Amino acid sequence: MKNIFQHLFILGRPASGKSEFIDFMKKAADAERAGKFHIGKFAEVDDFLWIWEKFMEDDIWEKIGEKRLYSKEYMPGNPGMTPDAERLLMFCMHKFNEAITKSYLPNPEFYKDHTLFIEFARGRKDAYKNALTALKPEVLKKSAILFVLTTRDESWRRNVARYQEKQKHSILAHMVPKETFGHFYGEHDWLDITHNEQNGYITFHNVKIPFVTMNNEPESVDPKVLEPRYGNALNKLWELYDK
Amino acid sequence: MKKFDNLIVIGRPACGKSEFIYFMKNKVTDAERLEKFHIGQFEEVDDFVWLWDKCLEDDVWEALGHKRLVSKKSDHAYFIDNMKFWDFLIEKFSPHIEAKYLVRPEFYKNKTLLIEFARGKDDAYKNALWRFSKKVLERSAILFIDVSFEESCRKNEARYREKLKSSILAHKVPDEEMNGYYKVHDWKDVTDGKPNGRLSINGINVPFVTMNNEPELKEGPELELRYKTALDKLAKLV
């Protein structure tokens, strides 16, 4: 299948709408997704799972009388990353390199009809600059970046709303606690590194990577709103990717 | 026909745990395994996988300029230098087994879960087994594969030499870990020197049998008899 992204980075603050974007794409038929959004069948690599695993491991360290290494249970049953655990974010970038170079890049068959979503959120000074710099050129070469943009306040609002909604159905609901959100996700450097351009290219390791910044406000769950929002962003991104 | 639900297979490194599992996987049919050894089709949980994963993570931390968390590099593998890590690994078993197996009653209809680990030091098995949850222990029996420290070292080295023939990635338990961690264990104390019986662990009576695995037998009817004798005895205690 031609005309599909090979690697699509989906970046943005927590609760900016990354998961909703993926959910939307999951529900679209393969042909429609490829035709309208340049996304094939897809697999996902998301560092949330690695981070959550570390939080769960912290429970074990604590149980055996050791210090938690990365997280604190800021809310009951709802741990968040502590300020001194920033190293975990760079660890995850290594995991991305490892997962992608081992499980996807050696398999050209995958890319014939698949897109790989690479999803993460970063914050603080040099957030995305550091994160993207940590990735291997061979990972970046196949990539395009969709940045899902929301303000800090909107991201926090959705983070809380999503948690409250999940709580109605599950005791396992979780959210980014306000301490973690405040420290890690208040600011980021995306608009700096893209010079406030809505789309264009950014370069890491001499690899020119197309990007689009998609404003994801106001929030909507209406496909009639989301489809053109996603379609416009991804078609622009494809234009840059296909050059 | 009695079938073990959870069979905890423990003993020193290279005592024969992997060979036991290899035998059960490759040398008998499902029907034979169940009839002769009381083991259904089986899956395995082995903390070595978690251990190795953490050692590889340590390599990453080191490459990123941070200190290693649980291990040091050794000539042939990794050396665990954070003694708390052994407890960490044991604590992973019960939540993992409860979430992946105990929640699926259909798993135990015809299957057995093999739970494999090795521990050393004065409180090796007392510390480890008492960290298992009641839910896991209620369905468990213990096969302890007994070899001397010298035999464990010999087989550890021999296995490494054998693997080296076919892979440069061969590894063994480093000598410093064999001497510093695995030299002594408390199995005899925990079992009061009895060859079989029941251990009261966290209020649960868990059957056990100690199987002497010396001299080494690689195959043949004597090996089968060794396994069968031990597991028949254990099944009677279940």
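**Strand pairing, chain dimensions and the A–B contact**

Ala43(A) has Leu116(A), in strand S5(A), as its bridge partner. The structure is a predicted model, in which local features need pLDDT of at least 70 and side-chain atom pairs count only at pLDDT 80 or more, whereas totals for chains, interfaces and linings use all residues. Residues are numbered from 1 along each chain as its sequence is written, and chains are lettered from A and ligands numbered from 1 in the order in which they are written.

Strand S5 of chain A comprises residues 114-120. Strand S2 (residues 41-46) of chain A runs parallel to S5(A), and six bridges join the two. Strand S1 (residues 7-11) of chain A is likewise paired with S5(A) in the parallel sense, over five bridges; two strands are taken to pair if DSSP finds at least two bridges between them. Within S5(A), Leu116(A) stands opposite His7(A) and is also the bridge partner of Ala43(A). Six of the seven residues of S5(A) are buried, a residue being buried if 20 or more other C-beta atoms, placed from the backbone, lie within 10 Å of its own.

Chain A contains eleven helices and eight strands; helices (H or I, at least four residues) and strands (E, at least two) are DSSP runs, numbered from the N terminus. The C-alpha trace of chain A spans about 55 × 35 × 35 Å along its principal axes. Its radius of gyration is 18 Å, in agreement with the value near 18 Å for a compact globule of 243 residues; the radius is taken over C-alpha atoms, and the globule rule is 2.2 Å times the number of residues to the power 0.38. Of the 243 residues of chain A, 36% count as buried. Among contacts in chain A with a separation of 6 or more, 73% involve residues 24 or more positions apart, contact requiring C-beta atoms, placed from the backbone, to lie within 7 Å.

For chain B, eleven helices and eight strands are found. The 238 residues of chain B give a radius of gyration of 18 Å, which agrees with the compact-globule value near 18 Å. Buried residues make up 37% of chain B.

Between the chains, nine residues of chain A are in contact with eight residues of chain B. Helix H3 (48-63) and helix H4 (87-103) of chain A each supply at least two residues of the side that touches chain B, and H4(A) gives the most, with four residues. The residues on this side of chain A divide into five nonpolar, one polar and three charged, where Ala, Val, Leu, Ile, Met, Phe, Trp, Tyr, Cys and Pro count as nonpolar, Asp, Glu, Lys and Arg as charged, and the others, Gly among them, as polar.

Methods
Buried ≥ 20, exposed ≤ 12 C-beta atoms within 10 Å, placed from the backbone. Contact = placed C-beta atoms within 7 Å.
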